[in-house]
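Kindly keep the sequence and the structure in view while reading the numbered points.

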Amino acid sequence: MTRCSDREVEEALLTALLTAPEHLPEVAGWLQPEMFSDPGLGFVYQAIQVLYNKGEMPDYLTTETEMRRMDAGRCDEMGGIAVLGKSLHRIRHAGNLPQYAAWVRRNYLLRLLQNLFTTQAGRAGQVETDPYRLMEETDRLLLQLRDTLQAGAPLRSLHQLAAEAIATHRERQNQKVSDFAICTGFRDLDSLLGGLQAGELCILAGRPGDGKTAIVLQIALNVAKARKKVIFFSLEMVGMQLVNRLFAGEGGIRPHALRISDLTPGELAAMEEIAAGWEDHPLMIDYTPGLTVENLRAQVLLMKKREGCDLVVLDYLHLLDYKTSRGQTMDQVVGDQVKMLKQLAQEVGCPVLVLSQMNRQSENRAERQYRPQLNDLRDSGVIEQAADVVFFVYRPDRYGIEKDEETGESLVNVCQLIVRKNRHGRIHTVNLIHNGSFSGFKDV
């Protein structure tokens with residue numbers, strides 16, 4: 001459409017609204033004044049919005065009066081409501097109002113895209129521009145643009161939603177958890193959480209050396225064994241280290257021997273047998289240094305498009321690379337990253353499992369058992385709000401606790417997963433047994 005056509009549609013939209021203001025609720029929630037190509041027409045719509053928000057029904061007279069109240073000089077300069085010109089006489093009904101509004105919104109989005117691509121094209125022509133940074137920034141700006149203009153879901157009746165819920169439950173009634181959720185492979189954890197659910201952000205936190213990386217590695221491998229597609233982002237270890245962790249956990253290979261390559265012929269043979277069994281396990285590993293959340297998102301979306309993606313694992317949150325804006329705190333940076341990871345889980349339709357650090361203050365509590373709490377999460381505010389599930393790795397025997405006070409059961413070599421937040425279920429503690437090298441786990 002030409003610029004003139006844009007104006008004609010915008011005039012028709014405003015005249016339709018003034019002719020039949022009872023239709024204003026159909027567009028008021030997602031049409032904004034800045035979407036008009038002509039700022040003057042946007043000013044008219046702003047006055048209509050103000051009247052609507054005050055509970056008044058806008059018409060030609062009340063709208064021009066509101067325009068004068070908002071900015072008398074601007075109103076006189078543009079000629080008041082007469083800026084709508086011939087449309088005042090042409091439009092006599094509001095039947096096409098939704099189409100007019102959609103047209104205005106569409107053209108606004110196209111103008112924003114044109115400006116964005118023009119700016120990025122200019123930067124691409126500069127010698128000092130890093131192409132990878134430019135791609136990541138462009139991807140981030142496009143994501144922000146889409147989120148800003150995302151129209152809300154249509155309103156639906158309680159009866160409709162209830163019917164869909166019942167149909168889903170009927171479908172799942174005779175199925176296993178793994179048919180509609182991602183099983184971690186740990187029986188009690190899956191029973192508590194109902195598996196890892198699509199669209200959910202799950203946070204696993206722990207202190208250094210507690211085994212949180214080994215746990216998520218084993219979860220990733222368990223999921224892959226079930227022929228579910230997993231992508232594992234490691235910011236702490238390279239591929240060789242991760243594979244050695246899996247060899248130690250799966251085959252009981254001595255971790256120290258793996259580290260210094262002092263393996264026996266029997267251990268090498270066992271490793272070859274284990275590796276042969278991994279051939280059809282769809283577990284993809286990315287250990288790109290300096291990974292940003294934008295690059296992570298791009299990788300996941302690419303895998304989703306090519307092969308599908310059932311689980312995303314990130315080890316770990318606080319090692320993601322980032323750029324700070326002036327005055328932005330670390331809490332705000334982490335908050336933005338967590339929000340983007342939550343959006344990614346919803347966009348791809350799979351769970352995202354993220355490791356997080358704990359703050360140092362947690363070690364200074366008077367309570368010497370150091371059982372982790374939600375506020376022990378590093379930069380915890382936004383993490384607590386955005387996450388659907390938050391659980392902690394806790395080793396009781398590390399603090400001299402070798403027996404459960406309530407049951408009397410031994411806690412030696414027990415690793416506890418303490419679920420502190422479960423948006424859709426219970427808060428509880430799950431016990432696992434770990435081997436001496438702390439590289440393998442199993443149900444109690």
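1. In the largest nonpolar core, which has 44 residues, Ile-215 and Leu-353 touch the most other members. A nonpolar core is a set of buried Ala, Val, Leu, Ile, Met, Phe, Trp, Tyr and Cys residues joined through side-chain atoms within 4.5 Å; buried means under 20% relative accessible area, with a 1.4 Å probe and protein chains only. Helix H10 (residues 212-225) gives this core its largest share, 9 residues. Helices are DSSP runs of H or I of at least four residues, and strands are runs of E of at least two, numbered from the N terminus.

2. The model is predicted: local features need pLDDT of at least 70 and side-chain atom pairs count only at pLDDT 80 or more, whereas totals for chains, interfaces and linings use all residues. Residues are numbered from 1 along each chain as its sequence is written, and side-chain values use heavy atoms, leaving out hydrogens and water.

3. Leaving aside neighbours within four places in sequence, Leu-353 is in contact (heavy atoms within 4.5 Å) with residues including Cys-202, Val-216, Ile-219 and Phe-391. A second, separate core of 34 residues includes Phe-233 and Val-352.

4. Where does His-281 lie? His-281 is found in the loop between helix H13 (265-277) and strand S3 (283-286). His-281 is buried, with a relative accessible area of 17%.

5. Not counting residues up to four places away in sequence, His-281 touches Leu-221, Ala-224, Lys-225 and Arg-227. The His-281 side chain also reaches the backbone oxygen of Gly-277 at 3.3 Å.

Methods: Buried means under 20% relative accessible area, exposed over 50%, partly exposed in between (1.4 Å probe, protein chains only). A polar contact is a pair of N or O atoms within 3.5 Å; within protein, one must be able to donate a hydrogen and the other to accept it, and residues adjacent in sequence count only if both atoms are side-chain atoms.
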